[in-house]
Amino acid sequence: MNAQKIPVFTPNSTTDDTQGKTNLLGMSKRELAAFFEQLGEKAFRATQVMKWIYQFGVTDFYQMTNLSKKLQEKLANAACVVPPVVKFKQFSEDGTRKWVFEVAGGSLVETVLIPAEDGKQFGRKTLCISSQVGCALDCSFCSTGKQGFERDLSASEIIGQLWVANQSYMEDVPVNERQNHVTNVVMMGMGEPLLNYEPVVASMSLMLDDNAFGLSKRRVTLSTSGIVPKMYDLAKDIDVALAISLHAPNDKLRDELVPINKKYPLAELIQAAKHYVYDENPRHKKHVTIEYVMLAGVNDTDTHAHELVALLQDLPSKINLIPFNPFPHAPYARSSNNRIHAFAAILNQAGFVCTIRQTRGDDIDAACGQLVGQVADRTRRSAKWQESVAKRQNAQL
Ligand code: SF4
């Protein structure tokens, strides 16, 4: 990744709990270096502090043992490391972990970690991260869209979700033995990440930065419903995997399912995706992932499959079919297993790598820029979580 190309972004404070101090969580190395210079310190301190924060999960400056006492004190007076507040967490026996965070202003967002089924302690763990509170795009099959849009998340609120997820494996581990557990990140939670561009890119740059989380660029995926101009920006600014929430093989149907298609129709979207794959930057992935939610009788016929083959013929792509999980008042039903397999067979015969997403119990099924597969209505669930948090708090009084 070319650090020079990453947009400068000043993170907002994550919570109301920074007490007037500067929250270092979410700052890029450049921003941290500038902060240290303002304090009259050498810029290389930024690298040291980043490692403490992101690799060892340390928030107490007095535990950062390679800093002088004087600097520790200076930092304790001027700065803090404050992640979003965990309002609720649920760790299931199959290894899935879910968090509900309260972000500044009291809104709730959720984050889900899904481990590989091999159960290995340091096996693959994929974290699905939210980028906005709610979403303005109102895709007709998406429960997040039904909530409407509340606000963008700051870089610290975005990266804080990953920080907390790793922290959940570090709590009882001595500082010098700690290591990060999350291996993959997908920007597929609540919101359209490309409509919150700078904080999202700043956060992904921290995910890739060797002094922060050091994830491989192939293991950080941004999923978009197709904000075409920002896809060109993304190709210039950062090198991560790209997924597209397609869900329909023609404009007429996509206008209905993914209304942003009226603004950026398929021809423009596919062109932007090709640019992302083929642009002059050879570091980019050699394919994009196409997300396609399977809606019975709506987008799942043989004709749709053939249309999809034609649409994607010049775009190196892997196709991920997602069985729809209905939510209350959803106007759609899930395609039958037979239908999904017949659809997949047409894509396979045409030479596409096509997978069918497995649903795992109560897992979240991320489908695009959202956690679309979740059964429960998100607004209701947030209210339910708030209720259960309130009950717990009352019980403790
Ligand atoms: S599917 Fe993605 S882009 Fe569409 S409303 Fe849901 S979160 Fe927003």
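Student: In which handedness does helix 10 pass helix 11?

Tutor: In this predicted model, helix 10 passes helix 11 in a right-handed crossing. The contact is made by Asp-302, Ala-305, His-306, Leu-308 and Val-309 on the side of helix 10, and by Ala-342, Phe-343, Ile-346 and Leu-347 on the side of helix 11. Sorted by class, the residues of this contact are 7 nonpolar, 1 polar and 1 charged.

Student: How should I describe the geometry of such a pair, and at what angle do helix 10 and helix 11 pack?

Tutor: Two packed helices are described by the angle between their axes and by the distance between those axes. Here helix 10, residues 302–311, and helix 11, residues 337–349, pack at an angle of about 30 degrees, and their axes are 9 Å apart. Angles under 35 degrees count as roughly parallel, and helix 10 and helix 11 are therefore roughly parallel to each other.

Student: Turning to the sheet, how many strands form it, and in what order?

Tutor: The open sheet is formed by 10 strands in the order 3-4-5-6-9-10-11-12-13-14, and their pairing is mixed. Strand 3 (85–91) and strand 14 (353–356) stand at the edges with a single partner strand each, so one side of each is left without a neighbour in the sheet. From one strand to the next, the twist averages 20 degrees.

Student: Within that sheet, in which sense do strand 5 and strand 6 pair?

Tutor: Strand 5, residues 108–115, and strand 6, residues 125–128, pair in the antiparallel sense over 4 bridges.

Student: Which residues of helix 7 are buried, and what do they pack against?

Tutor: In helix 7, which spans residues 228–237, the buried residues are Lys-230, Met-231, Leu-234, Ala-235 and Asp-237. The buried residues of this helix pack against helix 6 (197–208), strand 10 (220–224) and helix 9 (266–278).

Student: Where does Gln-48 lie, and why does Gln-48 count as partly exposed?

Tutor: Gln-48 has its place in helix 2, residues 45–55. A residue needs 20 or more C-beta neighbours within 10 Å to be buried, and 12 or fewer to be exposed; Gln-48 has 17 inside 10 Å, and so counts as partly exposed. Leaving aside residues up to four places away in sequence, Gln-48 touches Asn-66 and Leu-67. The C-alpha atoms of Gln-48 and Asn-211 are separated by 8.1 Å, although these residues are 163 residues apart along the chain.

How values were computed
Residues numbered from 1 in each chain as written. Predicted model: local features only at pLDDT ≥ 70, side-chain atom pairs only at ≥ 80, totals over all residues. Helix = DSSP H or I, 4+ residues; strand = E, 2+ residues; numbered from the N terminus. Contact = placed C-beta atoms within 7 Å. Pairing = 2+ DSSP bridges. Axes fitted to C-alpha atoms, helices over the stretch in contact; angles between N-to-C directions. Parallel < 35°, antiparallel > 145°, perpendicular 65-115°, else oblique. Left-handed = near helix turned anticlockwise from the far one by under 90°. Nonpolar A, V, L, I, M, F, W, Y, C, P; charged D, E, K, R; others polar.
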